[in-house]
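Come along as I look things up, one stop at a time.

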Amino acid sequence: MSNYAVARFDEIDVVDDGREPMRPVRHHFGIQAFGVNTWTAAEAGDRIINEHDEADSEGHEELYFVHSGRARFEIDGETVEAPAGTFVFVQPAARRTAFAEEPDTTIVAMGGTPGKAYVSHGWEIWAPLNPLFRAGEYAEAADRGRQLLADNPEYPGLFYNVACAESLAGRKDDALEHLRVAVEKSDQLRKLAAGDSDFDAIRDEPAFQELFADERQAEVESHERQT
């Protein structure tokens, strides 16, 4: 097995989650140390980077590089013009988005959490199923998600999203099993699941309660110390 890999930009298939098309660079190469993907807008005026911040997720610092074309970033209400060759670094708490000022503008996005090992949750594998999920086609999203799990069992986020779809589709046992795998693989997803309304249908199940018994005990002990 070679200890390096090479791919041209257009050799990485486009993934479309119904918002902004992207090329999953990290997944294509199997990178585990950091996140990196590219985003391309076909027409001037198209949004390239979905509006978001990282404050409430993993606290990623993100570095954007305008590879081609010309982009306009909007960061916490400020506008940043970014022609090809420009780097834009954004801290986790800043709200950011970007638009194309020219056709075929491409941005390379890289990110990671300061002081923490990078954990790839596999969100880009699930991304093509997002339109089904948002349309309420939970059973179909779950079925197709299970097919993806067979080929990508290393990604906790994929187990989590399949569990969400199964819970909403009324498949309680399947949802509980896939959620169990997700939270065992990722403490971040454990914290997220505790308050995720997608799991309201299974929240009172004994198996769900068991998954979060330690968190509830910690909350009780914290309350007792404060009182």
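This is a predicted model: local features need pLDDT of at least 70, side-chain atom pairs count only at pLDDT 80 or more; totals for chains, interfaces and linings use all residues.

**Entry 1: the sheet**

I began with the strands and found an open sheet of 4 strands, in the order β3-β8-β5-β6, with antiparallel pairing. At the edges I noted β3 (47–52) and β6 (78–83), each of which pairs on one side only. From one strand to the next, the twist averages 20°. A reminder to myself: strands of a sheet pair through backbone hydrogen bonds, either parallel or antiparallel.

Next I followed β3 to its partner. How many bridges join β3 to strand β8? I counted 3 bridges, with β8 covering residues 96–100 and the two strands running antiparallel. For one of the residue pairs, I looked up H52 and found that its bridge partner in β8 is R96.

**Entry 2: the cores**

Then I turned to the nonpolar residues. Which residues have the most contacts inside the largest nonpolar core? They are W126, Y160, L179 and F199, in a core of 29 residues. I listed the helices that each supply at least two residues of this core: α2 (123–126), α3 (130–134), α4, α5, α6 (172–185), α7 (187–194) and α8 (206–211). Helix α5 gives the most, with 7 residues.

Leaving aside neighbours within four places in sequence, W126 is in contact with F133, A141, G145, L158, N161, V162 and A165. There is also a second, separate core of 20 residues, and I jotted down that I48, I49, F73 and V88 are among its members.

My next stop was S167, which I found in helix α5 (residues 156–168). Is S167 buried or exposed? The cut-off for buried is under 20% relative accessible area, and S167 counts as buried because its relative accessibility is 2%. Setting aside neighbours within four places in sequence, I found S167 in contact with A175, D198, F199, A201 and I202. I had already met F199 among the residues with the most contacts inside the largest core.

Last, I visited A150, in helix α4 (residues 138–151). The cut-off for exposed is over 50%, so A150, with a relative accessible area of 62%, is exposed. I also checked A150 against E20, 130 residues apart along the chain. Their C-alpha atoms are separated by 26 Å.

Conventions. Residues are numbered from 1 along each chain as its sequence is written. Side-chain values use heavy atoms; hydrogens and water are left out. Buried means under 20% relative accessible area, exposed over 50%, partly exposed in between (1.4 Å probe, protein chains only). Contact means heavy atoms within 4.5 Å. Two strands pair if DSSP finds at least two bridges between them. Axes are lines fitted to C-alpha atoms, for helices over the stretch in contact, and angles run from 0 to 180 degrees between N-to-C directions. A nonpolar core is a set of buried Ala, Val, Leu, Ile, Met, Phe, Trp, Tyr and Cys residues joined through side-chain atoms within 4.5 Å.
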